[in-house]
Amino acid sequence: MTTLTERSQAQQAADDLEIRTLVAELAHMADMASEDDLSDYIGRFTEDARWEMAGNEIRGRDDILAAVRQRRASGTQGPGTNSRHVITTQSVHLDGDGTATGEAYFLFVGDTEATPQVKGIGHYRDRFRRTPEGWKLEHRIITF
């Protein structure tokens, strides 16, 4: 017989893993998702998601998606740019109310088909929300 504490611990472990997987999937999709797959990418954000980077704040899925397309058009990231987001040290803190926070360090690597070069090192400070479809990214602050 499973106790309430064991179920709670199992759920916490499952939530922690789902959030870590979400962060990894977002990194992979930023680098490799085709234009057709961007709906899957943006679907991993809450409707009211916020994205802060370099003093700019982007609000909502539509504007976040437009920024992704702009980075792709500039050749900064996406398929064919030979760039990769590498997630390193990561922590997740479950708040117990359907929200969680997380932090991760990342490396942004370019020229992966020749001589890889670290183009940026930074920190993600994230907030997540559990939805009926699973955990989603609600707010990301990126510092370099």
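Trainee: Which residue does Met-53 stand opposite in E6?

Mentor: Met-53 stands opposite Ile-142. Before we go on, this is a predicted model: local features need pLDDT of at least 70, side-chain atom pairs count only at pLDDT 80 or more, and totals for chains, interfaces and linings use all residues. Residues are numbered from 1 along each chain as its sequence is written, and side-chain values use heavy atoms, with hydrogens and water left out.

Trainee: How many bridges join E1 to E6?

Mentor: Five, and the two strands run parallel. Strands pair here if DSSP finds at least two bridges between them. The elements are DSSP runs numbered from the N terminus: helices are H or I with at least four residues, strands are E with at least two.

Trainee: What's the strand order in the open sheet?

Mentor: E2-E1-E6-E5-E4-E3, six strands with mixed pairing. E2 and E3 are the edge strands, each pairing on one side only. The twist averages 20° from one strand to the next. H3 packs on the sheet and touches E1, E2 and E6. Contact means heavy atoms within 4.5 Å. The direction of H3 makes about 50° with that of E1. Axes are lines fitted to C-alpha atoms, for helices over the stretch in contact, and angles run from 0 to 180 degrees between N-to-C directions.

Trainee: New topic. Where is Ala-54 found?

Mentor: In the loop between E1 (45-53) and E2 (56-59).

Trainee: Is Ala-54 buried or exposed?

Mentor: Exposed, at a relative accessible area of 64%. The cut-offs are under 20% for buried, over 50% for exposed and partly exposed in between, with a 1.4 Å probe and protein chains only.

Trainee: And what is the volume of the largest pocket?

Mentor: About 240 Å³. That is the space filled by probe spheres set on the grid points, which are joined across faces, edges and corners. A pocket is an open set of points on a 1 Å grid over the protein atoms alone, with protein on both sides within 12 Å along at least five of seven lines. Lining residues have an atom within 4 Å of a point.

Trainee: Which residues lie nearest its centre?

Mentor: Met-53, Arg-71, Gln-77, His-85 and Ile-142, out of 16 lining residues.

Key. 1 Å grid on protein atoms, 1.4 Å probe; cavity = no way out; pocket = protein on both sides within 12 Å on 5 of 7 lines; lining within 4 Å.
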